[in-house]
Amino acid sequence: MVDQAVIREKAKEIVSREDVKHLVGWRKGTFGYRVSPHWVETPEDAEKLIFSPLCSPNLTTYLTLEEKLPLPKGEEPDRRKTALLVKGCDSRAAVQLLTEQGIEKEQVLILGVPCRGVIDQRKLEEKFPEALGGVEAEWDGDKIRLRFPEGEKEIAREELLAGNCLNCRYPNPVWAEEILGDEVEPWSDGKAPGVEELEKASPDDRWAFWEKEFSRCLRCYSCRNVCPMCYCEDCILDRLNPTWVYRSVNYSENTAFHIARAFHLVGRCVGCGECERVCPAGIPLGKLNQKMVEEVRDKYGFEAGTDPESLPFQASYDPQDQEDFIL
Amino acid sequence: MSEPFEPNIVAFLCNWCSYAGADLAGTSRVKYSSNIKIIRVMCSGRVNPLFVMNALQQGADGVLISGCHPGDCHYLEGNMYARRRFGLIKELMEFVGVDPRRIHMSWVSASEGGKWKDVVEKVVEDVREAGPFEQFKRDKINW
């Protein structure tokens, strides 16, 4: 757990440094309980920084989203660092980007904040509809304390945590310049709830489940846009020649899109749960990703974003890889 | 009157081993099912999982990917990547509810015309059991 005052102090110190361009953190959003990303350019901006169970956005995605315009002739590129506040999962995303050479080590300054799991906004709105009027949250041991304008409420942590946090194995940042606050004890073995039941179901039941989910997809591509791992400049989904996935919204194309998306994240997904959080149709994309995370962990012994020295999973091989499925 | 179901299978064969193996089966007059439509690729590592999905979307009932035995790859390690990738796409498709009997991978070398026949017969039999693929075929949807 970390005090907000500590984060603000540190942020002030960091942004006053010569070699730092800005720091990305969280601040209170403009609507209800929502939290939005906050760019700290000057020490005064740091006063707005917060860190609470509502800070679910994964800020690592802004490292690759930043637009790099062509420079005028003779002008030097800005080589100052981007500082970033990261939770456990976000730091794994940063490590994964590093192993894929999506970012350079010199380009970033990572400040870790240990996290006890963030709140799932759908669960919050379901249990406390008044949260839309604004609420502040904080961790308190195994409970989450919610501070409404009319008074405080307490609720068990498990009831509000996002799905990906329930099976989080890395609540502490794995790679950071400095970790602010005390480390927390991991609470899970990494088995995602709901995945095992689906595995045990018959293929027809599984298809029925996914057909129902995929047919609701609007193809807004929010899941792709928010994903810290989806940063290809030329995405197959935008490509028209050849057209791998048609733009029509029907379950043939939706299924193809979701399989392609999930496959591109195999061995790369860090389980930050952003895709599921931003999905306007509430498709449980986390289940699809977590299934593959477990697959890669159990059968290949690889976990994305835990080792900055490792090779990307799909761009490496082990001669002893299993091949019992090969004729 | 209904005709018996004849599966439509797309096979991606690597240029250096499996394609030559299939060629050998042909020149040695080995008889095997004609349900298989061969697409030659330079290496099994060239096979993008999207190929598999697109084949299924466009009317294939099954897909076969075939390459050199591990260690025999013309490009030294292409089939190793293919193996890792294929194991994962198979798991993923299975998790979504696609019958695992529809997707196969095999190692067939240039001298294994006989093995190529066995592989084809096995795949055709499996896909025949699984039946026509209707789950996310493109032309099934009509809106």
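Here's a quick tour of a two-chain model, from the chains to their contact to a few residues worth a look.

This is a predicted model, where local features need pLDDT of at least 70, side-chain atom pairs count only at pLDDT 80 or more, and totals for chains, interfaces and linings use all residues. Residues are numbered from 1 along each chain as its sequence is written, while chains are lettered from A and ligands numbered from 1 in the order in which they are written. Chain A has 327 residues and chain B has 143 residues. The contact between them draws 28 residues from chain A and 35 residues from chain B; two residues are in contact if their C-beta atoms, placed from the backbone, lie within 7 Å.

**Chain A**

- Along the principal axes, the C-alpha trace of chain A spans about 60 × 60 × 40 Å.
- In chain A, 39% of the residues are buried. A residue is buried if 20 or more other C-beta atoms lie within 10 Å of its own, exposed if 12 or fewer, and partly exposed in between, with C-beta atoms placed from the backbone.
- Of the contacts in chain A with a separation of 6 or more, 71% join residues 24 or more positions apart.

**Chain B**

- Chain B has 4 helices and 4 strands, and along the sequence they follow the pattern β-α-β-α-β-α-β-α.
- With a radius of gyration of 15 Å, close to the 15 Å from the globule rule for 143 residues, chain B is as compact as a globular protein of that length.
- The C-alpha atoms of chain B fill a box of roughly 45 × 35 × 20 Å along the principal axes.
- Buried residues make up 55% of chain B.
- For chain B, residues 24 or more positions apart account for 82% of the contacts with a separation of 6 or more.

**Where the chains meet**

- On the chain A side, the contact takes 28 residues. Helices H8 (203-215), H10 (251-264) and H12 (285-300) of chain A are the elements that give two or more residues to this side.
- H10(A) gives the most, with 8 residues.
- The chain A side divides into 17 nonpolar, 5 polar and 6 charged residues. Here Ala, Val, Leu, Ile, Met, Phe, Trp, Tyr, Cys and Pro count as nonpolar, Asp, Glu, Lys and Arg as charged, and the others, Gly among them, as polar.

**H3 of chain B and its two partners**

- The axes of H10(A) and H3(B), residues 78-96, come within 11 Å and cross at roughly 140°. Axes are lines fitted to C-alpha atoms, for helices over the stretch in contact, and angles run from 0 to 180 degrees between N-to-C directions.
- H10(A) and H3(B) are therefore oblique to each other: angles under 35 degrees count as roughly parallel, over 145 as roughly antiparallel, 65 to 115 as roughly perpendicular and the rest as oblique.
- A:Thr255, A:Ile259, A:Ala262 and A:Phe263 in H10(A) meet B:Ile89, B:Leu92, B:Met93 and B:Val96 in H3(B). By class, this contact has 7 nonpolar, 1 polar and no charged residues.
- H12(A) and H3(B) also pack at about 140°, with their axes 11 Å apart, and are therefore oblique.
- A:Lys291, A:Met292 and A:Glu295 of H12(A) make that contact with B:Leu88, B:Glu91, B:Leu92 and B:Phe95 of H3(B). Its classes are 4 nonpolar, no polar and 3 charged residues.

**Residues to look up in chain A**

- A:Ala256 sits in helix H10 and is buried, with 22 other C-beta atoms within 10 Å. Leaving aside neighbours within four places in sequence, A:Ala256 is in contact with A:Val245, B:Met53, B:Gln57 and B:Phe136.
- Most residues other than glycine have a negative phi, and most peptide bonds are trans.
- The peptide bond from A:Asn241 to A:Pro242 is cis, with omega near 0°.
- A:Gln101 has a positive phi, near 60°, and is exposed, with 9 other C-beta atoms within 10 Å.
- A:Arg219 has a positive phi of about 60° and lies in the loop between H8 and H9.

Methods:
The radius of gyration is taken over C-alpha atoms; the globule rule is 2.2 Å times the number of residues to the power 0.38.
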